[in-house]
Protein chains: 2
Amino acid sequence: MTENSALVVFSGGQDSTTCLFWAKKNFEKVFAICFDYGQRHITEIQAAKNIAKMANIDLRTMQIPFINQLTHNALTDIHIKMDEKKTANSLPNTFVQGRNLFFLSIAAVYARESGAKNIVTGVSQTDFSGYPDCRDTFIRSLNATLNLALEEQFIIHTPLMWLNKAQTWQLADELGVFDIVKNFSLTCYNGITGDGCGNCPACKLRSAGLKIYRESKNEL
Amino acid sequence: MTENSALVVFSGGQDSTTCLFWAKKNFEKVFAICFDYGQRHITEIQAAKNIAKMANIDLRTMQIPFINQLTHNALTDIHIKMDEKKTANSLPNTFVQGRNLFFLSIAAVYARESGAKNIVTGVSQTDFSGYPDCRDTFIRSLNATLNLALEEQFIIHTPLMWLNKAQTWQLADELGVFDIVKNFSLTCYNGITGDGCGNCPACKLRSAGLKIYRESKNEL
């Protein structure tokens, strides 16, 4: 296992793109894994590939269609209408149950095969949105579980865990990749790269954070 | 979630067959899940289906070929010769890395979808064989992780955790299913149901346990 090698769980979205460059700054060898589980928008995979190329990072795409067999929801089933607002006291219907559980477990096996000790993920408890598998306590518990399962000493890094979207924009700026994140990452539920459709919940969250960051920057 | 409903992680082998009938005795509603990940012997899936039918249990088969993309080893890759004896200080080359991590994680999502609170697995620390994902501490850690990931209160049951193979035969006998386990379960690495080839490590472990159990029974 190499102390200075890191595997980034990468989707091509704002958060994981920021993490990819964070990893490049913090580790000598960085590579990435992304997951094709039947997302609505295959453009997400394409965005990931484009950014990986710009960053000069090896990206492995894993096909995991079993995720779709397990749960039906708005992100993977085009027959279900996306909720604009999530219902109180219930998970948003974009929830792929246990998604990060599977992404990080597969990443750990791949990291082990590749000799990497560090795993980087862009999950954030701040923009938690009702997803239990984005919480810090889940990640810490999973880290222990993965180390027991594979007899390794992985360290899962979550550089965005306590950042809000404005602070994530700030981090991208500090890493010198603000423009790459802004123009090439894909967060939009309607599959539009960069600033996106502007109307879906993901675009609204992203642009609200950007507005706050820009205002705070202008105030300095 | 139903207190009296249980999902059994089922392979059609001696251990999980015993667990299937243990679950039938202990829970009102029992169903099962098995995994097709490109085992050498598809007869394993057939054995699982046969036994599920005998036990009058709904069995869902999940296709998870990604397991094969992750690691290459003797159980799934016919080009690798199986070790007759495992090497000292190393995992046996039949090890699918993190197999129980994936089986139980998928089972948890399926249990949740089906409203079952209980998950039953035949892992045993006694016949640990170098597999870290059969240890009690791993199962307990995973249980906590799954509960956090899915915001549920699953209980993972491991009725064989502290039993050796002889005691597992005894349990099958006490459950009144000794003959079913002996004749229809499949443990053999060469894909032969029941007593198997008699020569592979799995057959030797199984028959040694059976011999000990029979001797202890005759002594009573």
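From the N terminus on, chain A runs β-α-β-α-β-α-α-β-α-β-α-α-α. That gives 8 helices and 5 strands; helices (H or I, at least four residues) and strands (E, at least two) are DSSP runs, numbered from the N terminus. This is a predicted model, where local features need pLDDT of at least 70, side-chain atom pairs count only at pLDDT 80 or more, and totals for chains, interfaces and linings use all residues. Residues are numbered from 1 along each chain as its sequence is written, with chains lettered from A and ligands numbered from 1 in the order in which they are written.

Of the 220 residues of chain A, 45% are buried (20 or more other C-beta atoms within 10 Å of the residue's own, with C-beta atoms placed from the backbone).

The contact with chain B takes 29 residues from chain A and 29 residues from chain B. Two residues are in contact if their C-beta atoms, placed from the backbone, lie within 7 Å. These elements of chain A each give two or more residues to its side:

| Element of chain A | Residues |
|---|---|
| β3 | 58-63 |
| α3 | 66-70 |
| α4 | 99-114 |
| α5 | 136-150 |

α5(A) gives the most, with 9 residues.

Helix α6 of chain A spans residues 165-174. Its buried residues are A:K165, A:T168, A:W169, A:L171 and A:A172. Seen down the axis of α6(A), they fall within an arc of 160°, so they line one face of the helix; the arc is that of the directions from the helix axis to the C-beta atoms. Their cover includes α1 (14-26), α7 (178-184) and α8 (201-219) of chain A. Just after α6(A), A:G176 takes a positive phi of about 80°.

Note on methods
A residue is buried if 20 or more other C-beta atoms lie within 10 Å of its own, exposed if 12 or fewer, and partly exposed in between; C-beta atoms are placed from the backbone.
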